[in-house]
Amino acid sequence: MSKKAISMLIPVLVVLVVWFIPAPEGLSANAWHFMAIFLGVVVGLVLEPVPAALVGWVGVCLVALMGIIDPKPAEGIKWALSGFSNSIIWLIFAAFMFAAGYQKTGLGKRISLIMVKFMGKSSLGLGYAVAFADLLLAPFMPSNTARSGGTIFPIAINIPQIFNSTPENEPRKLGAYISWVAMAATCVTSSMFLTALAPNLLAIDLIAKSAKVSIEWGAWAKIMIPLMLPLFLLTPLLAYIVYPPTQKQSPEAPIWAANELKKMGSITFKEIMMLLFAVLALVLWIFGKELGIDATTAAISIVGLMVLCNVISWDDIIGNKGAWNVLVWFSTLVALAGGLAKVGILKWIGTLAESSLTGLAPLSLMIAMIVVFFLLHYFFASVTAHVSALVPVFALIAVKFIAPDQLPAFMILLAGSLGIMGIITPYGTGPSPIWYGAGYISQARWWALGALFAAIYLAVLLLGVFIFV
C-alpha cells in the first residue's frame, strides 16, 4: 500500500474507531459522532493525504448529510455554509489580494533589494536587510509562505551564491546564516501583526466564538509589537552569535542589489499606488474602530479600488488559487469549530477542565497553558491544524479560570504564539520547508537551532503575561 493510501486511510479509521466507542458521560451520541468527524478532520489536516481545504470540505459535508448539527436539511446547510459569511475569512482573502499587488507591481521585490543595497555590506547587515524586508511586508501579507517563501526567498537565496556559498560548497560561509535569519525573522513578524499570518485571524475568530472575546488589529498591536519588536531586532544578531557565517563582509551584495534595481528601472506609478493603498489599509485597520469602519469593510473596499485603478486585475482576483483555497479551507474549519459549541462538546470539555484545574493559581495556569499550547506544535505540520484543534479548547478553559479583565490580553498572547512557534521544526510553518529545502542547514542543526530559538521566543512571550495580564 502506498504512503498516500495509508495517509488517506488513517483519518477514516480515526472517524470509525471514535464513532463506535460509546459516548462518554455528559455527551450525547450526536455530539460524540461530531467529535469523531472533527478528530478525523484534524488528523487529515496533519497528514494531508488530499489538499487541506478538501479535508475540511469533506468533514462539513459529512456532518450536514448525516444531520448531526440539525436534522432539518435547511438548518444543516445553513450551518455548513456559515463559515463563508464570516468577516474574518474575507479579511484574510482581501489580505491575499494585497500580497498579489506587492508581487505583481514589483513593490515587494524593490523593497527587498533596497534593503540589501543599503544594509548589505556585511554579513550581519545582510541578515538585517532580509529581516527588515520581511517586516515591511508583514502587515499586508497574511501568508508567510508568500512573504518569505515567495518574495524574500528568490532574492535572498541569490546572495550566498555571489560568494560561492552553496549547499555543497561552504554552506556556513553565508547561505546557512541567511537562511536561518530569514526563517526566524518571518516567525517573529508573523506574531507581531494580526494580519501577518492567516491562522492569527482564524484564531481570533475561534476565540470570539468560544470565549466571547473580540480582538481588534490595534489591540493585538498594543501587546504584540512591544514584545516582538525587541525580539525581531535581536534575531539577526543572535543568529550571528550562535550560528555565525564564516564570511563576515559582503561588499558584492550591495553592488548586485543595485544592478538588480537598475534592471527594474524607476519606481512605477502602480508601485506608488500599491504603497498608498497599503498605507491606507494600515491606517484604517489601526484607527477604523474610532472612525466606525470595520476592518474587513476597509480591506475589501481597498481591494475594489486596487482593481479599479488597475494595480491588480479582476483576473488576478478570480485566478488567485491560493486565496480561494484558503477561503474554502478556513470557512469549513470555522463551521466545524462552531459545531463544537453547537453540539455541546466545548461545554463538556470545560466541565472536565474545571474539575481538574480547580485550585491552580491564575498566573500559573496562564503560563502553563501558553507553554503547553506552544510545545504541542511539535506534533503539528500546519499552524492551521494547530489552531483548529486546540484554540477552542484552550479558549474555553481560559474563560473558566481567568478573570474577565485579564482574558483579552491573555487570549492575544495565546494566539500571538502561533507565528513564533513555527521556528520549532523544519515543517513548523509554511516557509519552513522552502528554506530547509534550500539545503544550507542540516536537519539535525535545524532542530537544535529551532529548540534554542523557540526557548528564547517563548520566554519573551511569557514575559508578556507579567507585563500585560
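Modeller: Remember that this is a predicted model. Start with helix α17 (residues 321–342) and α20. They pack at an angle of about 15°, and their axes are 10 Å apart.

Biologist: What makes α17 roughly parallel to α20?

Modeller: Angles under 35 degrees count as roughly parallel. The angle here is about 15°, so α17 is roughly parallel to α20. The crossing of the two is right-handed.

Biologist: Which residues meet there?

Modeller: From α17 come Trp 329, Phe 330, Leu 333, Ala 337 and Leu 340. From α20 come Thr 384, Ser 388 and Pro 392. By class, the contact has six nonpolar, two polar and no charged residues.

Biologist: Now α20 and α21. Why is α20 called roughly antiparallel to α21?

Modeller: Helix α20 (residues 383–401) and helix α21 (residues 407–420) pack at an angle of about 160°. Over 145 degrees counts as roughly antiparallel, so α20 is roughly antiparallel to α21. Their axes are 11 Å apart. The crossing is right-handed.

Biologist: What makes up that contact?

Modeller: On the α20 side are Val 383, His 386, Val 387, Phe 394, Ala 395, Ala 398 and Val 399. On the α21 side are Leu 407, Phe 410, Met 411, Leu 414 and Leu 418. The classes come to eleven nonpolar, one polar and no charged residues.

Biologist: Turn to Val 63. How do you know whether Val 63 is buried or exposed?

Modeller: Its relative accessible area is 1%. Buried means under 20%, so Val 63 is buried. Val 63 sits in helix α3 (residues 52–65).

Biologist: What is Val 63 in contact with, leaving aside neighbours within four places in sequence?

Modeller: Phe 34, Ile 37, Ile 68, Ile 69, Trp 79 and Leu 336.

Biologist: And how far is Val 63 from Gly 419?

Modeller: They are 356 residues apart in sequence. In space, the C-alpha to C-alpha distance is 31 Å.

Biologist: Why is Cys 61 called partly exposed?

Modeller: Buried means under 20% and exposed means over 50%, with partly exposed in between. Cys 61 has a relative accessible area of 31%, so it is partly exposed. Cys 309, at 33%, therefore counts as partly exposed too.

Definitions and conventions: Residues are numbered from 1 along each chain as its sequence is written. This is a predicted model: local features need pLDDT of at least 70, side-chain atom pairs count only at pLDDT 80 or more; totals for chains, interfaces and linings use all residues. Side-chain values use heavy atoms; hydrogens and water are left out. Buried means under 20% relative accessible area, exposed over 50%, partly exposed in between (1.4 Å probe, protein chains only). Helices (H or I, at least four residues) and strands (E, at least two) are DSSP runs, numbered from the N terminus. Contact means heavy atoms within 4.5 Å. Axes are lines fitted to C-alpha atoms, for helices over the stretch in contact, and angles run from 0 to 180 degrees between N-to-C directions. Angles under 35 degrees count as roughly parallel, over 145 as roughly antiparallel, 65 to 115 as roughly perpendicular and the rest as oblique. A crossing is left-handed if the near helix is turned anticlockwise from the far one by less than a right angle, and right-handed if clockwise. Ala, Val, Leu, Ile, Met, Phe, Trp, Tyr, Cys and Pro count as nonpolar, Asp, Glu, Lys and Arg as charged, and the others, Gly among them, as polar.
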